[in-house]
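Subject: Structure handover

Hello,

Here is the structure we talked about. Please open it next to this message; my notes follow below.

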Amino acid sequence: NLMMGRNVGYFTIEMPIEQVERRMDCRHTGLPYSVFRKKSFTDEEKAIYREKLEEFRTLPAKLHIFDIPDKCTALRIENILTVTPYKLDFLVVDYLGLMQPIDSSIKDDWLAQGATARELRDVGRRYNIPVLTATQVNQGGYGVRDRGLRATARSKMIGDNSDFVFDFSTIEDLKEGFINIVKGREVPKMRFKVYVDLSRMIITGLRDTEEAVGYENLGLEGL
């Protein structure tokens with residue numbers, strides 16, 4: 001999204017902002033995450049980091065990370081949108097399972113999660129902004145490759161209030177995985193094989209596999 005000139009707002013609930021920034025730096029520079037975590041750079045790595053940092057600063061869009069450690073609701077996110085000095089074109093919320101519904105009187109977990117999903121979707125609709133978030137799978141979904149919406153943990157309403165749902169799973173060595181499109185109003189259901197490099201926080205390979213046929217036509221380049 002940043003490469004395409006789209007301003008991104010990243011709302012971190014689970015991780016401290018410093019950890020998210022390290023992951024972003026790792027992803028952009030291609031340097032191992034351990035380098036940033038230990039703050040131990042070789043001279044060559046320092047040069048790469050400075051070069052990539054300058055490159056990042058010249059991108060045609062901005063990445064703004066918002067740290068919301070507790071009591072994150074869709075209303076709090078919307079309030080932040082109203083005071084951000086520039087328009088955000090894409091939102092990432094990490095993650096749905098740690099959010100709370102606006103109505104704090106909702107006690108049933110499945111209903112609270114469903115209400116939160118609906119409220120987050122409403123924010124996206126009101127501001128015409130795609131919102132990407134995540135949820136976990138239920139116990140029946142572990143170890144299953146083609147899980148589908150039934151494996152969504154805590155509330156069926158999460159899928160009901162989503163326009164597009166994809167499921168990400170890895171095989172045992174964590175070096176390969178699959179992205180399964182399980183819901184999409186304007187895209188077909190399909191599966192892509194991807195390659196995972198956790199040391200650099202990178203998922204690649206969509207364009208290079210047989211499973212990626214038709215990928216360019218789905219509008220998924222920004223994922």
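Phe 36 is buried, with a relative accessible area of 5%. Keep in mind that this is a predicted model. Tyr 49 reaches 23% relative accessibility, so it counts as partly exposed, the cut-off for buried being under 20%. Phe 41, at 24%, is partly exposed too.

These three residues belong together: Phe 36, Phe 41 and Tyr 49 form one aromatic cluster. In the model, the count of aromatic pairs comes to five. One of them is Phe 36 with Tyr 49. Their ring centres are 5.6 Å apart and their planes stand at 70°, so this pair is edge-to-face. Phe 36 sits in helix 2 (residues 33-38) and Tyr 49 in helix 3 (residues 43-57), so the contact ties together parts that are 13 residues apart in sequence. Phe 41 with Tyr 49 is another pair. Here the centres lie 5.7 Å apart and the planes meet at 25°, so the rings are stacked. The cut-off for stacked is under 30 degrees, and for edge-to-face over 60.

Next, charges over rings. Lys 62 places its charged end over the ring of Tyr 86, at 5.7 Å from the ring centre.

Strand 6 covers residues 176-184 and strand 7 covers residues 190-197. The two pair in the antiparallel sense, over six bridges. A hairpin of five residues connects strand 6 to strand 7.

Strand 7 also pairs with strand 8 (residues 202-204). This pairing is antiparallel as well, with three bridges. Asp 197 stands opposite Ile 202 in strand 8. Strand 7 and strand 8 form a hairpin too, with four residues between them. Met 201 lies in that turn and has a positive phi of about 55°.

What about positive phi in the loops? Lys 71 has a value of about 50°, although it is not a glycine. Lys 71 lies in the loop between strand 2 (63-67) and helix 4 (74-83). Is Lys 71 buried or exposed? Its relative accessible area is 57%, so Lys 71 is exposed; the cut-off is over 50%.

Arg 154 is a further non-glycine residue with positive phi, at about 80°. Look for Arg 154 in the loop between strand 4 (131-133) and helix 6 (157-160). Its relative accessibility is 41%, so Arg 154 counts as partly exposed.

Which residues does the cis bond join? The bond links Asp 94 and Tyr 95, with omega at about 0°. Tyr 95 lies in the loop between strand 3 (90-94) and helix 5 (109-127).

Those are my notes. Please check them against the model on your side.

Best wishes

Terms used. Residues are numbered from 1 along each chain as its sequence is written. This is a predicted model: local features need pLDDT of at least 70, side-chain atom pairs count only at pLDDT 80 or more; totals for chains, interfaces and linings use all residues. Side-chain values use heavy atoms; hydrogens and water are left out. Two strands pair if DSSP finds at least two bridges between them. Buried means under 20% relative accessible area, exposed over 50%, partly exposed in between (1.4 Å probe, protein chains only). Rings of Phe, Tyr and Trp (its six-membered ring) pair if their centres lie within 6.5 Å; planes under 30 degrees apart count as stacked, over 60 as edge-to-face and the rest as tilted. A charge sits over a ring if NZ of Lys or CZ of Arg is within 6 Å of the ring centre and within 35 degrees of the ring normal.
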